[in-house]
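Dear colleague,

Please find the structure below, together with an account of what was found in it.

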Amino acid sequence: MLRTGALRAHLIAARLAGTIATPREKSLGRYRLFSERDPRVLLGLDPERDWPPGEVLRLMGRKCGVSADPALRSGPDVIDPDRTIAGLDAFADRIGAAADRRAPVLIGTGHPHRLLDFYAALADALSSAGCTVLTPAYGFRVDIATRFGVRTYALDYVRGVALMREPGVRGAPGEGGVHTHSPLPVRTALAVAADVAGPLPELVIGDHGWVCGAGQLGFEAIGLADTDDPALFVGQAEGRVSAVVPLDDAVRAAHYRPLTRYVLNKACLPH
């Protein structure tokens, strides 16, 4: 098993935690937009109360370890690696609990080029433990607002992991995969599962809108989040997200492999 000290060193060396690539000014801008309830930043969450920018910043300081000083407005952001490890422990606990009861799970990502392998390993392990890895709404088209206007993408599954893809693209698993923050994919998947009276997930695993969109609808949801994605941490603070792992969600895919091993070991699942 990867020991905590080795994992901590890896997080810092790979810039998953410690000093990360996410700019401070981008995070602060997202906190302001969240306080204004900009849907691009809410990720499907409907906060129960007001969250002024200063309060969001203080929450992110507690959850991620970013500086809570509002006067610090530039430079790279910082994540406390010990908070990342604590998040991974909580994340693994929920996965282990789902495996113990052989719960149906839904896994989806808005970061197919970075996080697909991480989630696919979880899907394989949960399936081996007797969980049904759900794939509802396969092939459905979803209209998603982007900075280039509304685009239509197809809901696809690769190794049990949902992602949005450019329609008609063929080739490698990640080819044509779309980076998205939208909650519309998970809403579509859950609506179709309900319409066909198929099993509904007892746990949703992912990032961005997959977590917040599911949590807002009352499903247990866990995920990964960067310092510029405050919605997941607010969702956790308000009780609609069960576990959030603070980390840089856009480093090289290979850097997440030690995290996969750590989570699966903690959850007592094969890998």
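Arg-32 is partly exposed, because its relative accessibility is 42% (buried means under 20% relative accessible area, exposed over 50%, and partly exposed in between, with a 1.4 Å probe and protein chains only). Its side chain meets that of Glu-36 in a salt bridge (3.5 Å, N to O); such a bridge is a side-chain nitrogen of Lys or Arg within 4 Å of a carboxyl oxygen of Asp or Glu.

Please note that this is a predicted model, in which local features need pLDDT of at least 70 and side-chain atom pairs count only at pLDDT 80 or more, while totals for chains, interfaces and linings use all residues. Residues are numbered from 1 along each chain as its sequence is written, and side-chain values use heavy atoms, leaving out hydrogens and water.

By the rule above, there are 18 salt bridges. One of them joins the side chains of Glu-202 and Arg-101 (2.8 Å, N to O). Glu-202 lies in the loop between helix 7 (184–195) and strand 7 (203–207), and Arg-101 in the loop between helix 5 and strand 3 (105–108), so this pair ties together parts that are 101 residues apart in sequence. Helices (H or I, at least four residues) and strands (E, at least two) are DSSP runs, numbered from the N terminus. Glu-202 is partly exposed at 38% relative accessible area, and Arg-101 is partly exposed at 39%.

Lastly, salt bridges link Lys-26, Arg-30, Asp-228 and Asp-229 in a network.

With kind regards
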